Amino acid sequence: MEVDRAEVLRYLRMGNVQPDAVLEARLASVEREVLAKIRPAAYWQLVPITGGETPTGELTYQVGPLALHSRKLWETLKGCRHAFLFCATLGAGVDALLRTCGHRSAADLVMVQAISTALIETYCDDCQIQMLSEPAVCGETLRMRFSPGYGDLPLETQRPLLMALDSARRAGITLMDTMLMMPSKSVSAIIGVGPANGQPTRHDCRTCGKTDCAFRKTEEET
Amino acid sequence: MTFDELLKRGVAFLDGAMGTQLQIKGLQPGEVPELWNLNRPNDVRDIHKTYFDAGADIVYANTFGASPAKYHGDAPLKDVIAAGIGLAREAAGGRGLVALDMGPTGRLLKPAGDFAFDAAYDSFAETVRLGAAAGADLVVVETINDAYELKAALLAAKENCSLPILATVALSEDGKLLTGGDVDCVAEIFNALKPAAAGFNCGLGPDRLRPFVERLAKLIEIPVIVKANAGIPRVVDGCTHFDVGPEAFATDIAACVAAGAAIVGGCCGTTPAHIQAVHNLMKDQKPGAVTRERRTAICSYSKCVTLPLDDSLLIGERINPTGKKKLREAYKSGDTGYILREAIAQVDAGAHILDVNAGVPGIDEPKVLQNTVEAIQSVTDIPLQIDTSDPKALEAALRHYNGKALVNSVNGKEEVMEAVFPIVAKYGGVLVALTLDEDGIPATAEGRVAIAKKIIARGAQYGLKPDDFVIDVLCLAVSADATSVPVILESLRRVHDELGLRTVLGVSNVSFGLPARPLLNATFYALALQAGLTTAIVNPLSVEMMTAYKSWRALTGRDANCTDWIAAVNEGKVGGSAAPTQPSAAAQTPQAGTASSQSPLLAAIVHGLKQDAATIAGGLLATGKAPVEVIDGEIVPALEIVGKGFESGKVFLPQLLMAAEAASSAFEVIRDVLAKSGAQTELRGPIIVATVKGDIHDIGKNIVRALLENYGFKVIDLGRDVAPELIVETAQRENCKLVGLSALMTTTVPFMEETIKQLNAADPSIKTVVGGAVLTAEYAAQIKATWYAKDAMATVRVAEEFFK
């Protein structure tokens with residue numbers, strides 16, 4: 001996998017500032033270390049979408065086994081009859097490296113954090129390319145990855161989502177009491193499958209409601 | 001028929017997938033499969049019956065997820081398990097054996113996750129007790145993908161029933177567990193905890209598992225199990241498919257049997273037809289003959305280290321408080337951070353194993369040793385040597401050690417053997433045997449060899465084999481007895497050549513009481529290596545010792561093409577080629593926001609050049625510059641430049657941290673020089689830092705700690721998930737007036753508030769500074785924190801103000 005350097009710099013909150021030679025050398029060496037530790041794994045399942053808005057204006061729908069009410073997610077699923085339940089991880093090795101760096105070098109620690117965050121997103125994008133080639137997708141598009149905890153989709157959706165995927169067995173992803181996943185560089189999501197209709201196919205900072213996000217892309221970055 | 005009788009007959013047959021069959025009968029995603037034992041008993045019984053009909057000797061009851069940690073059905077667990085065992089028993093109709101099936105808890109154990117080892121143990125133990133009470137014939141631990149969870153499950157099974165235990169792990173496509181352990185590593189955990197049979201299930205198809213079966217069969221003495229998937233799952237049109245049909249599956253299983261598998265069956269995607277095909281093909285067959293590999297090996301959760309007979313390995317000695325004041329203080333104050341840095345530095349220097357000793361008078365050694373072992377395993381993956389003379393501490397540490405450890409030590413005293421052997425027999429491990437007994441240390445090689453033989457013979461009564469020992473012929477100071485070294489060398493030679501066993505020595509003892517110890521140690525080390533020293537407890541940060549070790553390996557043909565030697569020379573790790581004395585070119589080039597007229601040290605720090613900063617600082621002191629001038633004139637201004645740069649958005653976090661690390665390396669050089677001249681440099685502090693109870697996210701806290709330390713503060717790092725009581729107790733004991741608390745999760749902020757409350761109640765003069773993703777200045781005020789710090793630099797500013 002290639003490390004998306006622009007994303008790494010964004011997570012380091014450096015924006016468009018290019019690293020100097022010293023930082024560049026350190027980044028390159030930490031990148032090699034991270035790439036040696038990752039063991040990516042992913043699993044996904046195509047499920048039908050049923051239900052919708054009731055005459056009384058209540059929103060209740062099923063995505064496979066998940067009973068949901070999130071309006072933001074529903075917007076991304078417009079026109080979709082199916083969705084992928086999805087999970088992916090870089091594996092436990094990155095967390096071990098984060099723990100080591102926590103006592104070796106804080107500079108390395110923030111770099112591992114930024115690099116691995118960029119890598120899991122790249123890996124999810126790679127998985128989506130594979131998902132597009134599945135026969136059932138049949139020329140349709142994938143909507144943006146929508147994860148529990150984003151917008152009005154409760155974080156608690158993690159549990160039924162990961163259970164439906166049997167994520168611990170299929171990808172080694174487990175859930176902690178805090179509803180965060182372990183390994184920490186993991187993604188779970190619901191991804192609508194439907195005809196191209198102008199709906200965003202990936203996350204776009206410009207349309208995101210969380211305006212105080214530290215990692216929100218500036219106009220130049222997007 | 002008992003399990004033993006079954007194995008004597010030949011290849012034994014397990015059932016195939018349960019989940020797959022339940023899904024065919026209508027189990028929905030997200031439904032609790034075990035509830036079918038009560039709600040759909042006929043369906044469950046039928047599935048078991050079809051497997052017995054197909055030729056299975058053992059079926060797994062429908063209890064895979066029936067553990068308190070995982071089960072969330074509305075019927076009592078006891079009923080679900082009893083019904084599950086009962087249904088399998090009814091289906092057997094006297095034909096075979098019924099196993100209690102235990103899958104993983106679905107939780108990742110600490111330190112990787114948030115589930116405590118003891119909690120995982122308790123969960124498995126409850127299931128084992130319920131299954132045994134329900135009349136299971138066997139206990140199965142399966143689909144485990146983490147070495148630590150495997151250990152918890154096996155201990156729980158062994159300690160809570162007397163049934164035979166079968167254990168299988170799930171490998172990923174690269175042949176490793178989720179947490180990184182390969183087959184060699186898994187084999188040593190099986191060897192340590194000794195189930196009745198062990199192997200693999202799930203994950204892969206039998207063709208892909210065959211090489212792993214072949215390897216495992218060579219490494220363990222118990223029967224090998226393979227319960228493979230019908231290939232790797234593929235999702236097509238939203239449905240999970242397994243591609244390998246019954247006949248192909250049976251052929252691949254037959255290859256596994258030829259490679260040594262004795263117990264075979266199917267996992268995901270397999271059906272009664274698969275088991276029938278396997279049974280037809282392998283009925284009345286015997287497992288293929290296997291030549292076992294003779295070896296002595298230890299492991300961590302992910303790394304297996306084979307102790308060589310014809311080479312030598314390094315055991316890092318630095319986590320032993322004997323004669324180390326800083327380490328003793330770290331143990332006493334609970335400053336785990338110091339110990340972890342010692343661990344990481346030794347690993348980076350090339351140690352293969354780390355010795356861990358917590359023998360400090362006045363501390364609770366069992367608790368501290370266990371905690372230290374757990375903490376070190378959270379930051380390094382090399383195996384540990386657990387070093388204690390307290391059997392209680394040994395048991396606590398060995399029980400919680402993630403893997404199979406080296407144990408230091410037993411000796412020839414009857415009382416010691418009686419205390420240590422049962423612990424090592426129970427938890428597994430390789431044991432260091434000291435050649436001394438009630439009569440002391442023999443003066444001759446004969447005497448030491450005789451004690452080694454005695455210890456090994458006595459160990460055999462506990463099931464320990466000669467290969468489970470490493471012999472320490474004991475290193476005595478040459479200053480006390482001029483003849484000690486020839487006896488040591490002769491003892492090494494005889495143990496190694498005549499007994500064919502591995503040896504170990506604490507090398508540096510030899511020079512005790514003499515000047516220029518490193519040189520004596522290194523020379524003796526080379527002699528000992530040539531006499532047959534196969535593991536040495538040494539300081540891997542000592543250039544002299546590494547030079548002796550690496551040159552011996554290069555000179556005796558153990559370092560092919562001298563590759564390792566050349567690499568060590570280039571890295572400055574061996575003698576005569578210490579770190580570069582000239583700062584690199586980058587230190588000379590100015591960076592945005594800094595002036596080109598800066599001094600080299602200031603520039604090196606600002607640029608984050610750690611090695612250069614140390615070299616230049618050393619050079620300045622050597623040319624007669626006063627330490628205080630270097631600190632006040634160069635280091636402090638450099639830190640000020642980057643600190644201000646960070647605050648104004650011109651310098652970014654990684655650069656701030658690199659600069660701080662460079663400053664710290666310059667400080668270190670100055671401190672060493674001052675210490676040698678007898679002067680003391682006072683660090684400001686202490687400051688306690690901790691991530692509050694319930695929160696295991698410590699990245700932010702670690703950044704703050706590092707930056708504080710780099711800015712010259714003494715920090716006591718209590719780690720993550722820290723109880724308020726421990727923080728209060730430490731603050732009072734260490735007379736610490738500034739406490740930094742971190743929290744990532746909204747849910748853990750109440751613990752932050754509670755900690756502040758308890759600190760205020762205990763001592764109102766203690767101030768708190770808080771930070772973390774969910775905190776804001778308002779939130780901090782609301783929970784009555786003294787200060788809010790928006791980032792690591794802000795915490796440094798608070799500390800600077802506080803200690804002004």
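This is a predicted model: local features need pLDDT of at least 70, side-chain atom pairs count only at pLDDT 80 or more; totals for chains, interfaces and linings use all residues.
**Helix 6 of chain B and its surroundings**

- Helix 6 of chain B covers residues 117-133, and its 17 residues should span 24 Å at 1.5 Å a residue, which agrees with the 24 Å that separate its end C-alpha atoms.
- One residue of helix 7 of chain B is B:A156, which counts as buried because 25 other C-beta atoms lie within 10 Å, where the cut-off for a buried residue is 20 or more.
- B:A156 and B:S67 are 89 residues apart along the chain, and their C-alpha atoms are separated by 12 Å.

**The barrel of chain B**

- Eight strands of chain B form a closed barrel, which runs 13-14-15-16-17-18-19-20 with parallel pairing, and neighbouring strands are turned by 30 degrees against each other on average, direction ignored.
- Within chain B, strand 19 (residues 502-506) and strand 20 (residues 535-538) run parallel and are joined by three bridges, and B:L505 has B:A536 of strand 20 as its bridge partner.
- Helix 16 (residues 414-427) of chain B packs on this sheet, where it touches strand 16 (406-411) and strand 17 (430-434) of chain B, and its direction makes about 155 degrees with that of strand 16 of chain B.
- Helix 17 (residues 445-460) of chain B also packs on the sheet, touching strand 16, strand 17 and strand 18 (469-472) of chain B, and its direction makes about 155 degrees with that of strand 18 of chain B.

**Helices 18 and 19 of chain B**

- Helix 19 of chain B (residues 517-531) has 15 residues and reaches 21 Å from its first C-alpha to its last, close to the 21 Å expected at 1.5 Å a residue.
- The buried residues of helix 19 of chain B include B:N521, B:A522, B:F524, B:Y525, B:A528, B:L529 and B:A531, and the buried residues of this helix pack against helix 18 (484-498), strand 19, strand 20 and helix 20 (543-555) of chain B.
- Helix 18 and helix 19 of chain B pack at an angle of about 30 degrees with their axes 8 Å apart, which makes helix 18 of chain B roughly parallel to helix 19 of chain B, since angles under 35 degrees count as roughly parallel.
- To this contact helix 18 of chain B brings B:V485, B:I488, B:L489, B:L492 and B:R493, while helix 19 of chain B brings B:F524, B:L527, B:A528 and B:A531; by class there are eight nonpolar, no polar and one charged residues.
- Just after helix 19 of chain B, B:G532 takes a positive phi of about 120 degrees.

**The open sheet of chain B**

- Five strands of chain B make an open sheet in the order 22-21-23-24-25, with parallel pairing, and its edge strands, each of which pairs on one side only, are strand 22 (713-717) and strand 25 (787-788) of chain B.
- Strand 21 (residues 684-691) of chain B pairs with strand 22 of chain B in the parallel sense over four bridges, and B:R684 stands opposite B:F713 of strand 22 of chain B.

**Where chain A meets chain B**

- The contact takes 46 residues from chain A and 50 residues from chain B, and helix 4 of chain A gives the most to the side of chain A that touches chain B, with 10 residues.
- On that side of chain A, the residues divide into 26 nonpolar, 11 polar and nine charged.
- Helix 4 (residues 92-104) of chain A and helix 13 (residues 336-349) of chain B pack at an angle of about 110 degrees, with their axes 9 Å apart, which makes these two helices roughly perpendicular.
- This helix contact is made by A:T100, A:H103 and A:R104 of helix 4 of chain A and by B:G337, B:L340, B:R341 and B:I344 of helix 13 of chain B, with two nonpolar, three polar and two charged residues by class.

Terms used:
Residues are numbered from 1 along each chain as its sequence is written. Chains are lettered from A and ligands numbered from 1 in the order in which they are written. Axes are lines fitted to C-alpha atoms, for helices over the stretch in contact, and angles run from 0 to 180 degrees between N-to-C directions. Angles under 35 degrees count as roughly parallel, over 145 as roughly antiparallel, 65 to 115 as roughly perpendicular and the rest as oblique. Two residues are in contact if their C-beta atoms, placed from the backbone, lie within 7 Å. Ala, Val, Leu, Ile, Met, Phe, Trp, Tyr, Cys and Pro count as nonpolar, Asp, Glu, Lys and Arg as charged, and the others, Gly among them, as polar. The expected span of a helix is 1.5 Å times one less than its number of residues. Two strands pair if DSSP finds at least two bridges between them. A residue is buried if 20 or more other C-beta atoms lie within 10 Å of its own, exposed if 12 or fewer, and partly exposed in between; C-beta atoms are placed from the backbone.
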